[in-house]
Amino acid sequence: MTPETTAQNALSKSQRAYQWIKERIAHQEFTPGYRLVLGTIATDLDMSVVPVREAIRQLEAEGLVTFERNVGARVSMVDDSAYRYSMQALSVLEGTATALSARRLNADDLRDARRINALMIETLEHFDPRAFTALNQEFHSTLYAKCANPRMLELVNAEWGRLGHLRDSTFSFVPGRAQESVREHENIVQLIEVGAPLGEIEKVARRHRAATLDAYMIHEHPDEALGLPAF
């Protein structure tokens, strides 16, 4: 096989990998924040890592993929306006739903919330943003599920569903936020446990959700992060 033939085959594989990844980004199979593991993609496409790496570089040049040291390649948040709006709405809705649910939660509910938070803490050592996000949603659902306002619950669940389509995991962008998050979870549980005023529970739960958006903005849009409103 001549060097020219080898180069053509490599280029063909690189373009195939490029199209394969790009199609999955376009169809939201790979959502913003999704970590692109080169070895896994190479295995799926039955090729070496070299053409996959070339495809990633091409996608990075187009702004569809972001590469960070010690993190690797992930799908970029190309237009994150919808994400910001959903996070702002969710901070208000979920904070209120949690407060309205607080007096209805019993010892078993709080024990379950702590169990889930403990699982989240276990994931921190070998951090998996997607698993962490799934547990995070389960944790919060445990705290707001007994909200007596069905319309409020419908809105909260709708925004969680919308976020699932907008990005893979916010924690892919700001993994350091995860450690702060689990500490804040325990604080929310303690406030509910001691029967704190509902206004205080609502404020702490709202700021907890907004803090994740703040961390994302500081990381991705530092020029816009100054003077963020306290949603």
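Helix H8 buries Arg177, Ala178, Ser181, Val182, His185, Ile188, Val189, Leu191 and Ile192, where buried means under 20% relative accessible area, exposed over 50% and partly exposed in between (1.4 Å probe, protein chains only). This is a predicted model, in which local features need pLDDT of at least 70 and side-chain atom pairs count only at pLDDT 80 or more, while totals for chains, interfaces and linings use all residues. Residues are numbered from 1 along each chain as its sequence is written, and side-chain values use heavy atoms, with hydrogens and water left out. Helices (H or I, at least four residues) and strands (E, at least two) are DSSP runs, numbered from the N terminus.

**Helix H8 and its surroundings**

- H8 covers residues 177-193, which is 17 residues, and reaches 24 Å from its first C-alpha to its last. That is close to the 24 Å expected at 1.5 Å a residue, the expected span being 1.5 Å times one less than the number of residues.
- The buried residues of H8 pack against helix H4 (81-102), helix H5 (107-123), helix H6 (129-144) and helix H9 (198-220); contact here means heavy atoms within 4.5 Å.
- After H8 comes Gly195, with a positive phi near 70°.

**H5 against H8**

- Two packed helices are described by the angle between their axes and the distance between the axes.
- The axes of H5 and H8 come within 10 Å and cross at roughly 170°. Axes are lines fitted to C-alpha atoms, for helices over the stretch in contact, and angles run from 0 to 180 degrees between N-to-C directions.
- This crossing makes H5 roughly antiparallel to H8, since angles under 35 degrees count as roughly parallel, over 145 as roughly antiparallel, 65 to 115 as roughly perpendicular and the rest as oblique.
- On the H5 side, the contact is made by Leu110, Ala113, Arg114, Asn117, Met120 and Ile121. H8 contributes Val182, His185, Glu186, Val189, Gln190, Ile192 and Glu193.
- The residues of this contact between H5 and H8 divide into 7 nonpolar, 3 polar and 3 charged. Ala, Val, Leu, Ile, Met, Phe, Trp, Tyr, Cys and Pro count as nonpolar, Asp, Glu, Lys and Arg as charged, and the others, Gly among them, as polar.

**The sheet**

- Three strands make an open sheet: 3 strands in the order E1-E3-E2, with antiparallel pairing. Two strands pair if DSSP finds at least two bridges between them.
- Strand E1 (35-36) and strand E2 (65-68) stand at the edges, each with a single partner strand, so one side of each has no neighbour in the sheet.
- E1 pairs with strand E3 (residues 72-75) in the antiparallel sense over 2 bridges. Arg35 stands opposite Arg74 in E3, and Leu36 has Ala73 as its bridge partner.
- E2 and E3 also run antiparallel, joined by 4 bridges. Here Val65 stands opposite Val75, and the bridge partner of Thr66 is Arg74.
- A hairpin is formed by E2 and E3, with 3 residues between them, and Asn70 in the turn has a positive phi of about 70°.
- Helix H3 (residues 49-61) lies across E1, E2 and E3, running at about 110° to E2.

**Residues to look at up close**

- Thr133 is found in helix H6 and is buried, with a relative accessible area of 10%. Leaving aside neighbours within four places in sequence, Thr133 is in contact with Arg167, Ser169 and Phe171. Thr133 and Phe171 are 38 residues apart in sequence and 7.4 Å apart in space, C-alpha to C-alpha.
- Phe127 lies in the loop between H5 and H6 and is partly exposed, at a relative accessible area of 27%. Leaving aside neighbours within four places in sequence, Phe127 is in contact with Phe132, Phe171, Pro175 and Ala178. From Phe127 to Pro175 is 48 residues in sequence and 8.0 Å in space, C-alpha to C-alpha.
- Asp46 sits in the loop between helix H2 (38-44) and H3 and is exposed, with a relative accessible area of 69%. Although Asp46 is not a glycine, its phi is positive, about 55°.
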